[in-house]
Amino acid sequence: MIQQYINSGILEAYVTGSASEKEVEELMRMKTEYPEVSRALQELEADMEHLARHMAVEPPARTWDKISDSIDEIMLRNKHVQPFIEKEEANPRSTGRDNGQQYIEVEAESSFMRIHKAWKWVFAAVFILGKVFLACAIYFYLENRQAQQQLQEIKTELRKIKP
Amino acid sequence: MKEQLTYTETSLPSIKQAKQSLYTSYSGMLLGYIVEVVKDRTVAEKYLIDIFTGLQANDIQDIFNPDNGSVYCRLQSYARKQLCQVHNTITDRAVQPANRVTGLMNEEQQLVFCGLHYHGKSIAQLANELSKDEYTIRQILKQSFNIIRSNRK
């Protein structure tokens, strides 16, 4: 029975990564239950390692340095992120916990402000008054300009009359 | 009893040490495998860097877990998952790596072994391609392993 299972080719499929999830689950169970299956799997893994050694290609000398640099970058990035996490943990501004999840209140900067609705009448009144003042200013400016012109005319006439 | 290594997200130096240990022991073997998959040495080296850089704490723990079997086979399994995208782009089915181990296999055995191991094909897919049932494909795969073993011993 066990030998039949070993001979079925499932173990070979597993080591080549082509076994289905169900087959993998079954194999893991069989491996723990039957030492013969475990031994057969070890043999196949040794075969794979043997093949890999034959196919081995030496990486260029600088390859590990590149990997090391990438890891260092990640470490550095984590160091920058860590103080913020620690700060949040030390002074949590959480609004509460729900099912073990912690929600952090996020205070976003907004360019908007909230005011009472009554203020809209005040703004309307200020707007209308502004318009009235503007109309008055234009009216008095024109009146003043007209008066100045009349005054200028009178002065000119007076000069003509006086010899 | 050998103490089981534990890695957490914060213990990056120990992750780096673990990666270096894996790299020292298996980088050549893994690069050989990737070269066979992508068929380009430069691209393969880039994948090797990406694979080692992308290894996370839980992946390393999984690779070093003695219950999961051979460390190299776990590492190769991880690499296979990362190369999944490359596998999907492979359309040719008769790529035969020239080495004295797989060279001992007949054409059919090479097609099955390389299709599964290097090209990430499923048994069902190969069965369909070669017009054979899945049991036969498994048996051909088994024959391929017998050849590898006879070369090993």
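A: Some ground rules to begin with. This is a predicted model, where local features need pLDDT of at least 70, side-chain atom pairs count only at pLDDT 80 or more, and totals for chains, interfaces and linings use all residues. Residues are numbered from 1 along each chain as its sequence is written, while chains are lettered from A and ligands numbered from 1 in the order in which they are written.

Let's start with H6(B) itself. Helices here are DSSP runs of H or I with at least four residues, strands are E runs of at least two, and both are numbered from the N terminus. A residue is called buried if 20 or more other C-beta atoms lie within 10 Å of its own, exposed if 12 or fewer, and partly exposed in between, with C-beta atoms placed from the backbone. By that count, 8 of the 11 residues of H6(B) are buried, so the helix is largely enclosed by the rest of the structure. The buried ones are B:Gln110, B:Leu111, B:Val112, B:Phe113, B:Cys114, B:Gly115, B:Leu116 and B:His117. Their cover includes helix H7 (123-129) and H8 of chain B; that rests on contacts, meaning C-beta atoms, placed from the backbone, within 7 Å of each other.

Now for the packing against H8(B). H6 (residues 107-117) and H8 (residues 134-152) of chain B cross at an angle of about 95°, and their axes are 9 Å apart. Axes are lines fitted to C-alpha atoms, for helices over the stretch in contact, and angles run from 0 to 180 degrees between N-to-C directions. Under 35 degrees counts as roughly parallel, over 145 as roughly antiparallel, 65 to 115 as roughly perpendicular, and the rest as oblique. H6(B) and H8(B) are therefore roughly perpendicular to each other. On the H6(B) side you'll find B:Glu108, B:Gln109, B:Val112, B:Phe113 and B:Leu116, and they meet B:Ile137, B:Ile140, B:Leu141, B:Gln143, B:Ser144 and B:Ile147 of H8(B). The residues of this contact split into 7 nonpolar, 3 polar and 1 charged. For these classes, Ala, Val, Leu, Ile, Met, Phe, Trp, Tyr, Cys and Pro are nonpolar, Asp, Glu, Lys and Arg are charged, and the others, Gly among them, are polar.

Not counting residues up to four places away in sequence, B:Phe113 touches B:Thr102, B:Met105, B:Leu141 and B:Ser144. B:Phe113 and B:Gln143 are 30 residues apart in sequence, yet 9.5 Å apart in space, C-alpha to C-alpha.

Over in H8(B), B:Arg138 takes us towards the other chain. B:Arg138 is buried too, with 24 other C-beta atoms within 10 Å. Leaving aside neighbours within four places in sequence, B:Arg138 is in contact with A:Ser8, A:Gly9, A:Glu12, A:Ala13 and B:Ile123. B:Arg138 and B:Ile123 are 15 residues apart in sequence and 7.5 Å apart in space, C-alpha to C-alpha.

That brings in the contact between the chains, which takes 35 residues from chain A and 39 residues from chain B. On the chain A side, the elements giving two or more residues are helix H2 (10-15), helix H4 (35-55) and helix H5 (63-90). H4(A) gives the most, with 13 residues. By class, this side of chain A has 17 nonpolar, 11 polar and 7 charged residues.

Finally, the wider setting. Chain B comes to 8 helices and 0 strands, and 39% of its 153 residues count as buried. Residues 24 or more positions apart account for 54% of the chain B contacts with a separation of 6 or more. Chain A has 6 helices and 2 strands, in the order α-α-α-α-α-β-β-α from the N terminus, and buried residues make up 15% of its 163 residues.

Methods
Two residues are in contact if their C-beta atoms, placed from the backbone, lie within 7 Å.
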